[in-house]
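Here is a short briefing to read with the structure open beside you. Take the topics in any order you like.

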Amino acid sequence: MSERTIPTPVKAFGALALLALAALLPLVVTEPSQQNFLILILMGAQLGVAWNIVGGYAGQVSLGHAVFYGIGAYTSTMLLLTLGLSPWVGALAGGGVSVLFALAMGWPCFRLKGHYFAMATIAVAEIVQILVTNSEFLEGAVGLSLPMDQSGWGVLIFLSKLPYYYVILGLLVLTVLTAWAIERSHIGYYFRAIKDEPEAARALGVSLTRYKLIALSVSAFLTALGGSFYAQKEMFIDPGSVLAGAISIKIALIAILGGVGTLLGPVLGAAVLITIEEYSRTLFGSTGSGTDMIIYAAMIILVAVFSPSGVLGLLGDLRRFLPGARSKGPDMADKMEIRP
Amino acid sequence: MTADILFQVLVSGLLIGLIYALVAVGLTLIFGVMDIVNFAHGEFLMLGMYASFWAFALFAVDPIVALPFTALLLFAVGVIVYQTVIRRILKAPMLSQIFATFGLMILLRGLAQFFWKPDHRLIPHSLVSGNLTLGSVQFGLPQFVAALGAVGVTGGLWYFLHRTRLGTALEATAIDREAATLMGIDGQKMFALAWGIGAACAGIAGGLIATFFPIFPEVGANFILIAFVVVVLGGFGSVTGAFLAGIIVGLIEVLGGFLVGPEYKTAIVLSLLLVVLLVRPRGLMGKA
Amino acid sequence: MRFPVATTRNWFAKNRFDDTAAPGRRSAITRMLAATALLATTALSGLTFATGTARAEDEIRIGVIYPLTGAAASTGVELKAAAELAAAIVNKEIPAPAGLVAGVGMPHMKGAKIKLVFGDHQGNPQVGATEAERLITSEKVTALTGAYFSNVTATASQVAERYGVPFLNGESSSATLTQRKFKWFFRTTPHDDLFVTNFFTFLNDMEKKTGEQLRSVGLFNENTLWGNETTKLQTKLSEEQKFTIAEKILYPAKTTQMTSEVQRLKAANPAVIMQSSYLGDAILSMKTYKELGFLPKMLLANDAGFNDSEFLKTMGKDGEYIISREVWALDQAERNPLIKQVNDLMRERSGVNFNGNSARAFTGIAVLADAIDRAGSTKPEDIRKALQETNIPASGLIMPWKGVKFDEHGQNELGQGIIVQVQGGQYVTVWPFDVATKPVVYPMPAWDKR
């Protein structure tokens, strides 16, 4: 085992190289719609990594994350529209509200297991969507528009795509660092204990509910930040665009596609899913015959069937066929296996 | 609110509730046998509706007459889906399974739009069109027949699972696959059978609903959330539970919508689900 | 509470993201790099494919954003067919009917051809914005049009506004769209304010005509942006004009049953129902009315689902006598021969008649093409100026409008609505009375007496 341990500097170097690559990418990709495409990937990645904290590490499958996303988007936007509060503060407030909501929702729901928990999260998210749709205060289905006459770092509204790119890249880095810190801390071990051996963990005195709540809260906070970013970028939110069930599913899909419970899997998952989504629509969507949906769906099914542990696992499988890779010891794919 | 209106609301709720149960039994059966949530169940329903529509449009066969054919066709679809996709993800984690059936859902919608256009279709008149009046209460004959169908299908399924050799084998596989295999039951065959029967139930539901509901590629989306609620409320895997839960959901939805406001009818049903889950974390009749 | 060391070790060994059992980590990073490279290559090659398409100098690209998949796909496909017909006429692929104003042949642009580049917004505002951005920056379109759904039009036109690209909307009726005071946004269709006002004027006219009270109304609208805004306007006007609202219902779209809704309406029993529904809901509600034996004296529908080509096809005689606000009706051909000529072309190409939506989509492209031609250039500023100077007479349109002329916020001030009724399987104009081709059938005949 020891000869394959990679020294920390090498890992740090790899991570920094990746970050530098991401930071420099907009210098090559200059067309706004392509930058927008990259931003969509980073947005998806950020949500996937955030979801992974509760859905992957702690193994609590939430299919209702849109509720946190929506809370983030609505809180920062309402604070901006009513009090003129900067979205920097608004986003943090949104994160706070989101955490409170996560605690209130998690407390009772964490009694449920497996599919029951997943369904409960769907139900909660749907209820919130219905309530917001009928709320006069939040303008209901009409939605909220951000003012178009201001721009700059204070209001976090920009005419060009570039600042958005760096803001979301920063948010992604923050999210990944959070996940990384959790992974390394004792909290991370507890999470995995809860996921893999809940009975043993309980027997050893780990408060399951407490650590599940921590996982959900952290995840909710980060997801809410992503929601605020969405509002700032699209400058229009309504229940359908930030609270819909489809968003919850997509967030989970990103993590699953990349590899559940891996630090950077969701980043890869977002890159793959958003690329498939955007290109199948761009290239085939204009026919109006549903071809884009067919291609998108076929890709999803293929990944699910041939690489249940996500694309990251698939790449691991491919590596085995490379010359020299075989001698490296235990099968990578085994290491990538995820548990139900 | 007068007694007449109350009675009318209850009858409407009961009818729609039975229809929900009809949609949900197939879903819960598949789950019960193999612990897989089928996100594409609404699309099986959609295929059933289209099968009825084409039988009517091309061969002038009434949806009711075509029911056996629709059921058989969907049985085949279920088995094919099992053999091509599900069989390969049996051992995969729950999330990948969700992922696969979710992909299947999108795929079937896309295919329906591709082959049959996104238009809304309707079967203009069938054997069972028209209204029934019972005193002051009115309801549609198609809904009534569909509700009868729900009772029949659930009853038939119950009989099959508990009183026939094949059904008992299926139940045995559901309870303990390893043990069932040792007893000489072919697990693979049983799983394929579960998918076939589950899809056939959706097909029958589709054929009955097609007599009064518009048919379009996305129609499954209208039913799937409620179907899930019914399955969870009844307890994953419990056919009788789903039947009971369907009726409860229908009644609460129509009554709640009428009393509180239609905009909140789904929210009321979902809140009920949460409350029940908090008291009974395995649903009304779910296995521990 | 901490784990005993031994137990923790155990998990150490089990977990892939753990340091001591390192095989995962390096490979994860290498895999990430490999994957990124792989993806970047595919993505960029895809992008080059998209942008690198050869483009003739004399081609004017217009971005068209519609819902081509998803719940509203059937409408989107219909709109697409209408837009393509307009483009074919502009490009002289089919002979243009005399008098139609559509920049036919583009004489001021040296006979350039227009090319429609379609985008699919799937009914999602974010996708709408993404598509608008792509069409502008990557497909280099000269102008944009679409997007049917008001909330998608809102985000897509916001993108156009940022880039300074003209956005001509032909078929979204939310009043707020032109209240945003955008510089680059133009809308040919009248908006909900006018439509709802028409309803009340029509009811006043009907009261005078029939001598009956039609003061109690039931509002029955779907619960998205459109239904919400309509409800607000209807409530406001009811108060101003002394109508009583017997029942107000916002129902969730994508529903499986409407019995609770219809029960409430039945209990309140208003004389007039004002309803806003998309196609699926429109069909389902009509079926439920009949099933529960509910029949108002008058059903005033707010276009959309009730005027979809599919509606009458599927409803048959149960769809009869619905009264609906409209922007277009085939029987207006009696007054404007252009309507019949263009409709015949539509029938030839796609086998269906125009309806309010597709006629407006057609008109949107026609007005845009005319403006581009008059601008004599594809510079956004020139097109915007030409759009502002637009002054198309009623005789050059297939719409029953007084013409097309934009006010300072981009709203066409000469648009007007008509009210149609289904009679004998046709939508016939019944109001304003001076353009009506048939009298109103009132009250609605019972379900079994048709």
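Lys92(C) sits in the loop that links H3 to strand E2 (113–120) of chain C. Though not a glycine, Lys92(C) has a positive phi of about 60 degrees. Please keep in mind that this is a predicted model, with an ipTM of 0.91 and a pTM of 0.86.

**Backbone details in chain C**

- Most residues other than glycine have a negative phi, and most peptide bonds are trans.
- From Gly146(C) to Ala147(C) the peptide bond is cis, with omega near 5 degrees.
- Ala147(C) belongs to the loop between strand E3 (143–146) and H5 of chain C.
- Trp431(C) and Pro432(C) are also joined by a cis peptide bond, and here omega is about -5 degrees.
- Pro432(C) lies in the segment that comes after strand E14 (426–431) of chain C.

**Domains of chain C**

- The domain assignment divides chain C into domain 1 (7–45), domain 2 (59–190 + 334–404) and domain 3 (193–326 + 418–431).
- Taken over C-alpha atoms, the centres of domain 2 and domain 3 of chain C are 29 Å apart.
- Where these two domains of chain C meet, 16 residues of domain 2 are in contact with 15 residues of domain 3.
- On the domain 2 side of this contact in chain C, H3 and helix H5 (150–163) each supply at least two residues.
- Which element gives the most to the side of domain 2 of chain C that touches domain 3 of chain C? H3(C) does, with three residues.
- By class, that side of domain 2 of chain C has five nonpolar residues, 10 polar and one charged.

**Where chain C meets chain B**

- This contact takes 32 residues from chain C and 32 residues from chain B.
- On the side of chain C, at least two residues each come from helix H3 (73–90), strand E7 (244–251), helix H8 (259–268), helix H9 (279–291) and helix H10 (309–315).
- The side of chain C that touches chain B divides into 12 nonpolar, 14 polar and six charged residues.

**A helix pair in chain A**

- Helix H11 (residues 245–258) and helix H12 (residues 265–284) of chain A pack with their axes 7 Å apart, at an angle of about 110 degrees.
- Angles of 65 to 115 degrees count as roughly perpendicular, and H11(A) and H12(A) are therefore roughly perpendicular to each other.
- From H11(A), the contact uses Leu253(A), Ile254(A), Ala255(A), Leu257(A) and Gly258(A).
- Their partners in H12(A) are Gly265(A), Pro266(A), Val267(A), Leu268(A), Gly269(A), Ala270(A), Val272(A) and Leu273(A).
- Sorted by class, the contact of H11(A) with H12(A) has 10 nonpolar, three polar and no charged residues.

**Annotated transmembrane regions**

- For chain A, an unreviewed UniProt entry gives the annotation "transmembrane region" to residues 12–29, 35–54, 66–85, 91–110, 164–182, 213–231, 251–274 and 294–316.
- Residues 12–29 of chain A are 94% helix and 0% strand, and their end C-alpha atoms are 26 Å apart.
- Residues 251–274 of chain A are 75% helix and 0% strand, and their end C-alpha atoms lie 11 Å apart.
- For chain B, an unreviewed UniProt entry gives the annotation "transmembrane region" to residues 6–32, 44–61, 67–86, 98–116, 136–161, 192–213, 219–236 and 267–285.
- Residues 6–32 of chain B are 100% helix and 0% strand, with 36 Å between the end C-alpha atoms.
- Residues 98–116 of chain B are 100% helix and 0% strand, with the end C-alpha atoms 27 Å apart.

**Confidence, chain by chain**

- Chain A has an average pLDDT of 86, and 89% of its residues score at least 70.
- Residues 323–340 of chain A have a pLDDT below 50, and this stretch has 35 contacts in the model beyond near neighbours in sequence.
- Chain B has a mean pLDDT of 91, and 99% of its residues reach 70 or more.
- Within chain B, confidence is highest in helix H3 (residues 67–84), at a mean of 96, and lowest in helix H7 (residues 177–182), at 84.
- Chain C has a mean pLDDT of 85, and 87% of its residues reach 70 or more.
- Residues 1–29 of chain C have a pLDDT below 50, with 46 contacts in the model beyond near neighbours in sequence.
- Residues 40–56 of chain C also stay under 50, and the model has six contacts for them beyond four places in sequence.
- Where pLDDT is low, the predicted coordinates should not be read in detail.

Conventions. Residues are numbered from 1 along each chain as its sequence is written. Chains are lettered from A and ligands numbered from 1 in the order in which they are written. This is a predicted model: local features need pLDDT of at least 70, side-chain atom pairs count only at pLDDT 80 or more; totals for chains, interfaces and linings use all residues. pLDDT is the predictor's confidence in each residue, from 0 to 100. Two residues are in contact if their C-beta atoms, placed from the backbone, lie within 7 Å. Axes are lines fitted to C-alpha atoms, for helices over the stretch in contact, and angles run from 0 to 180 degrees between N-to-C directions. Helices (H or I, at least four residues) and strands (E, at least two) are DSSP runs, numbered from the N terminus. Angles under 35 degrees count as roughly parallel, over 145 as roughly antiparallel, 65 to 115 as roughly perpendicular and the rest as oblique. Ala, Val, Leu, Ile, Met, Phe, Trp, Tyr, Cys and Pro count as nonpolar, Asp, Glu, Lys and Arg as charged, and the others, Gly among them, as polar. Domain bounds come from an automatic or database domain assignment. UniProt positions are given in the numbering used here, feature names are shortened, and annotations may be inferred rather than shown by experiment.
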